[in-house]
Amino acid sequence: MRKYILMTVLSTFSFICHAQQYEVGTTTAIWKNPVAADFKKAKEQGVHYVEVAFNQCYRGVPAEEVIPRIKMMKSKIDSAGMQVWSVHLPFSRVLDISVLDDSLREENVRFMARMIEQCRHFKPARLVLHPSSEPIADSIRAQRIKNARHSIIYLKPYADRIGAQLCIENLPRTCLGNTPEELLKLIHDIPGVKVCFDTNHYTKGATRHFMEVLGQYVGTIHASDFDLVNECHWLPTQGKIDWQNFMRDLRSNGYQGVFMYEAMKDCDYNKIRPVPSRIRETFEKIISGVQ
């Protein structure tokens with residue numbers, strides 16, 4: 001009995017130590033208009049990495065202001081001593097790399113290639129790309145998958161040129177990549193392309209199943225919680241995901257990246273955007289096994 005207790009304690013201690021090896025990051029989108037002081041405070045509170053939400057530099061911004069906004073965002077992050085782990089490439093209903101119209105798809109893909117080139121300013125380790133928008137009917141799904149693959153193959157060398165790994169994100173509902181099996185179809189036999197596992201986008205099964213199918217392909221994550229019905233983007237530990245098991249699955253599959261939050265709502269505070277201290281607090285809950 002004493003031996004069993006000792007083994008349990010050692011196993012738990014080992015899990016916590018391994019979990020603590022992960023650095024914590026957050027999307028810049030938790031701030032509507034981030035300033036240098038936001039990043040400085042985040043670092044002071046134990047959030048050392050960011051994922052740049054590129055839409056903050058691009059969507060609704062005049063073309064001539066995009067590059068200045070990129071440089072301004074980089075300057076704010078650098079002044080706080082934070083590090084960029086990833087950039088979430090632009091996305092919208094119309095900016096879709098899988099559309100059936102070849103001329104429109106080519107236009108979208110060329111635009112995305114230009115945006116990847118601009119990402120060099122941030123020197124990211126990862127680039128996160130949506131494989132489609134929605135809705136997508138079953139009757140055209142196979143062709144949309146084929147189109148998305150062609151686009152990913154085209155974009156991969158652009159990511160290589162800036163030293164970043166291209167990661168395709170799983171998406172919910174009728175979007176492409178709504179199951180790990182379909183996401184695997186999108187990246188299969190494209191050397192060096194990985195996936196971004198958004199934990200609150202996989203609504204068709206358990207997190208453990210996703211990791212069983214694609215764990216070895218996970219290049220980065222978007223950590224947020226949900227009700228297992230539809231995406232909620234709650235802080236981890238506020239929904240129904242088993243975070244302790246997820247952490248074990250990350251470790252067993254050799255994930256060595258940042259524990260990147262893409263949580264946009266704090267249910268304990270009327271679903272307002274979470275502050276960095278709350279991000280760090282929920283991470284500590286995960287690694288201590290408190291749910």
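Sorted by class, the residues that line the largest pocket comprise 18 nonpolar, 11 polar and 13 charged ones. The model is a predicted one, and its largest pocket holds about 850 Å³ of space, while the second largest pocket holds about 160 Å³.

**Largest pocket**

- The lining of the largest pocket counts 42 residues, and those closest to the centre of the pocket are Ala29, Ala53, Asn55, Arg59 and Phe91.
- Strand S2, which covers residues 49–53, supplies at least two residues of this lining, and helices H3 and H4 each do likewise.
- The element that gives the most to the lining of the largest pocket is H4, with 4 residues.

**Second largest pocket**

- About 160 Å³ of space lies in the second largest pocket, and of the 13 residues lining the second largest pocket, Ala206, Thr207, Arg208, Ile241 and Asp242 are the closest to its centre.
- Helix H8 (207–214) and helix H9 (243–252) each contribute at least two residues to the lining of the second largest pocket, and the largest share, 3 residues, comes from H9.
- By class, this second lining is made up of 6 nonpolar, 3 polar and 4 charged residues.

**Helix H5 and its cover**

- Helix H5 runs over residues 102–118, a stretch of 17 residues, and spans 24 Å from its first C-alpha to its last, which is close to the 24 Å expected at 1.5 Å a residue.
- The buried residues in H5 are Arg105, Asn108, Val109, Phe111, Met112, Ala113, Met115, Ile116 and Gln118.
- The cover over these buried residues of H5 includes helix H3 (55–58), helix H4 (63–79), strand S4 (126–129) and helix H6 (141–161); H3 and H4 are also among the elements that supply the lining of the largest pocket.

**Cysteines**

- A disulfide is a covalent bond between the sulfur atoms of two cysteines, and with a cut-off of 2.5 Å between the sulfur atoms the count for this model comes to 0 disulfides.
- For Cys57, the closest cysteine sulfur is that of Cys119 at 8.9 Å, so the separation is too far for a bond; Cys57 itself counts as buried because its relative accessibility is 1%.
- For Cys167, the closest cysteine sulfur belongs to Cys196 and lies 6.7 Å away, which is likewise too far for a bond; Cys167 counts as buried because its relative accessibility is 0%.

**Val84 in strand S3**

- Val84 is found in strand S3, which covers residues 83–88, and it is buried because its relative accessible area is 13%, under the 20% cut-off.
- Leaving aside residues up to four places away in sequence, Val84 touches Val50, Val52, Ile77, Phe122, Lys123 and Pro124.
- Val84 and Met112 are 28 residues apart along the chain, and their C-alpha atoms are separated by 19 Å; Met112 is one of the buried residues of H5.

**Ile287 in helix H10**

- Ile287 belongs to helix H10, residues 276–288, and counts as buried because its relative accessibility is 2%.
- The C-alpha atoms of Ile287 and Gln244 are separated by 6.9 Å, although the two residues are 43 residues apart along the chain.

Technical notes:
Residues numbered from 1 in each chain as written. Predicted model: local features only at pLDDT ≥ 70, side-chain atom pairs only at ≥ 80, totals over all residues. Heavy atoms only, no water. Expected span 1.5 Å × (residues − 1). Buried < 20%, exposed > 50% of the residue type's maximum accessible area, 1.4 Å probe, protein only. Contact = heavy atoms within 4.5 Å. 1 Å grid on protein atoms, 1.4 Å probe; cavity = no way out; pocket = protein on both sides within 12 Å on 5 of 7 lines; lining within 4 Å. Points joined across faces, edges and corners; volume = space filled by probe spheres on them. Nonpolar A, V, L, I, M, F, W, Y, C, P; charged D, E, K, R; others polar.
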